[in-house]
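Please read them beside the sequence and the coordinates.

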Amino acid sequence: MASGDGGAILNLVTNRDHGPGGFGSGELASNGAGRSGLNLTGSYGDGRLTVNAGLSLRQDRQGTAERTQIESLNAQGAVLSLSQAQTRLRTATQNQALSGGMTFSPDPKNRFSVQLDLTDMSGTNQSQVQTRLADSLSGRDMAYDQTSRQTDKTLGHALSLNWTYSDLDAGTRLKLGLNSSRSAARGLGLDDLGHGLDVAGPAKAQRRTHNLNTTTALNLDYERPLGAGQITMGLGYNQDRVGSGTAASGQGALDRKSTRLNSSHTVISYAVFCLKKK
């Protein structure tokens, strides 16, 4: 926390020291600077089955204000022109995350696991500039506002699936894993560039953006004794896709759109042989 900020943190933890049971923790934090958060986690296991879950909430709100004044004087010290401006900035962000997973071992040789993470992030940036111009020579006195607002939102998820087979007596191990993630972001910007000016109308502009990222990975790993050593082999496939687009319209900017999409595929294989220590 910054110096002079007030705040509080509350932690709550519950658990069992041995045997089947659960574990849980919670944290609540807040300060006087507009930040607050909540974290909750919990898990349960009985030897064969383990489950876990988590929740995270974050919020941040900030605001600033600034005032400036500029005077132009002649040789006698009289004011020729006066410019006053007042600027206000406001930002707000909210982040939510939810996670859950499970691990299951039906027998000593097989183990299955799944994990899912969800995220939701949003933010807003808003600015307002109020300007007053006074010119004693022309007798003109103008006042106008300039406002801008940008909002962004991102949704994402990540999924992991794994199966592991282990035979300690034979020294073999087989693992199959699938990992997938997706993140989609959208933004909207609105500008009012001169409400109150001596023009036909306020110059307004709008911007829209979107970004999409996806990743998929499939991996197979196998190891076993071979002669006087151990051999490890693997095969993997990865796919990455990245897409983005923009659109703008309004006075002061030509209407335009653009879209881009990139995709890549990778196949990886390997084999490693290691001698055992005697």
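This is a predicted model: local features need pLDDT of at least 70, side-chain atom pairs count only at pLDDT 80 or more; totals for chains, interfaces and linings use all residues.

**Notes on the model**

1. In the hairpin formed by S2 and S3, three residues lie between the strands, and Gly-34 adopts a positive phi near 90°. Strands S2 (residues 21-31) and S3 (residues 35-45) run antiparallel and are joined by 10 bridges, where pairing requires that DSSP finds at least two bridges between two strands.

2. Residues are numbered from 1 along each chain as its sequence is written, and side-chain values use heavy atoms, with hydrogens and water left out.

3. The chain has 11 strands and zero helices, these being DSSP runs numbered from the N terminus (strands E, at least two residues; helices H or I, at least four).

4. One aromatic pair is found in a search of the whole structure. Phe-112 and Trp-163 are stacked, at 6.5 Å centre to centre with 20° between the planes; ring centres of Phe, Tyr and Trp (its six-membered ring) must lie within 6.5 Å, and planes under 30 degrees apart count as stacked, over 60 as edge-to-face and the rest as tilted. The pair links strand S6 (residues 110-135), which holds Phe-112, to strand S7 (residues 140-167), which holds Trp-163, the two residues being 51 apart.

5. Phe-112 counts as partly exposed because its relative accessibility is 37%, and Trp-163, at 25%, is also classed as partly exposed (buried is under 20% relative accessible area, exposed over 50%, partly exposed in between, with a 1.4 Å probe and protein chains only). Of the 278 residues in the chain, 16% are buried.
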